[in-house]
Amino acid sequence: MNKKAVIAMSGGVDSSVAAYLMIEKGYTCIGVTMKLFANEDIGVSKEHSCCSLDDVEDARSVAMALHMPYYVFNFADRFRERVMDGFVRAYENGRTPNPCIDCNRYLKFDKLFMRAKELGCDYVVTGHYARTCYDETSGRYLLKKGLDESKDQSYVLYNLTQEQLAHVQFPLGGMTKDKVREIAGTNGFINAKKHDSQDICFVTNGKYSDFIEEYTGKQYPEGDFVDKDGNVLGRHKGIIRYTTGQRKGLGISSSRPLYVVGVNPSANQVLLGDNQDLFETTLIAEDINLISVESITEPMRVRAKVRYRHKEQWATVTQLDEDRIKVVFDEPQRAITSGQAVVLYDGDVVVGGGTIC
């Protein structure tokens, strides 16, 4: 029986080559681009061309070249509720979110999964640099790093469930970016040399605070910068403008470098300190998802990373209850930030992860 797959096509070179590779393997493929927001949601006038219009046309061009059906699905309501609203709430509560993780969790591998089933497809395929396999010993599907560690995206995929892992494929997991571009160029794809997207898709000018104020229609009040003893050091311009580890843009003079070491939304205060105040050994994470094991029944040695570009560090993880873990690093880590994800690794296998709280 011929297998069918939905290809999540962003308009970039990675998802385009993923589609090509699946067709080469004999799958019947359907290309899909998710429309995630309207112009007015991100502060762009309705008359302005949609910021993702070029991406849609690039994806459509590749789908046509591959003789593949192509659709644009409107998931804007879901994206607004789960990603954009969550992004705003996090900053309002002194956290620093990772909206790409939420988008994968609630859109690509939830909403799109359901649509794929409706279309009678066996798999959802994306251009992520990660790998999956089935482990006969444990009877569990595993998520593994991409072989090209400089492009590995397993960190943003730690929320995948066993059901989802059984029906997802990442064709680029064993490839380098250079090889992907070579395949795209050989096949004449319009996006073969297209630059990778670096910014959050719905923050058009790179300033999160501007987006939040435009999106909510609110102005966030000034408050006090304070030190760890409660001494007032100056005035901040609204807590949404600050995140743990930040040094630039504080707007106060000091005889020594000062860094944001915490945000207290209830008191509308931003806590400042020295660089050494940013180092901690222990974190608690909630809303956890475990992949390689069903539960952590005893302290487990892992390597853990606390942000996407963080280098993994040795740590011991203990599961506190069904929804929380405690991670204790061998060495203090800088700027462990509430709202970011901690992801645990056993070699190249993702053990699981959660949201730092």
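How many bridges join strand β12 to strand β15, and in which sense do they run? Keep that in mind; the tour ends there.

**Before you start**

This is a predicted model, in which local features need pLDDT of at least 70, side-chain atom pairs count only at pLDDT 80 or more, and totals for chains, interfaces and linings use all residues. Residues are numbered from 1 along each chain as its sequence is written, and side-chain values use heavy atoms, with hydrogens and water left out. Helices (H or I, at least four residues) and strands (E, at least two) are DSSP runs, numbered from the N terminus. Two strands pair if DSSP finds at least two bridges between them.

**Stop 1: strand β2**

Select residues 28–35. This is β2, and six of its eight residues are buried, so the strand is largely enclosed by the rest of the structure. Buried means under 20% relative accessible area, with a 1.4 Å probe and protein chains only.

β1 and β2 pair in the parallel sense over five bridges. Click Ala8: its bridge partner in β2 is Val32.

Show residues 13–24, helix α1. Together, β1, α1 and β2 make a right-handed β-α-β unit. Right-handed means that, with the strands pointing away from the viewer, the path from the first strand over the helix to the second runs clockwise.

**Stop 2: the cores**

A nonpolar core is a set of buried Ala, Val, Leu, Ile, Met, Phe, Trp, Tyr and Cys residues joined through side-chain atoms within 4.5 Å. Select Phe79, Leu107, Leu112, Leu143, Phe202 and Phe211. Of the 48 residues in the largest core, these touch the most other members. Elements that give two or more residues to this core include β1, β2 and α3 (76–92). The largest share, eight residues, comes from α4.

Zoom in on Leu112. Not counting residues up to four places away in sequence, Leu112 touches Val6, Ala8, Val32, Met34, Phe73, Phe75, Leu107 and Val124. A second, separate core has 29 residues, among them Val13, Tyr27, Ala63 and Val180.

**Stop 3**

Select residues 279–290 and 324–334. These are β12 and β15, which run antiparallel and are joined by seven bridges. Find Glu286: Arg324 in β15 stands opposite.

β14 and β15 pair in the antiparallel sense over six bridges. Gln319 has Ile325 of β15 as its bridge partner. A hairpin of two residues joins β14 to β15.

Notes
Buried < 20%, exposed > 50% of the residue type's maximum accessible area, 1.4 Å probe, protein only. Contact = heavy atoms within 4.5 Å.
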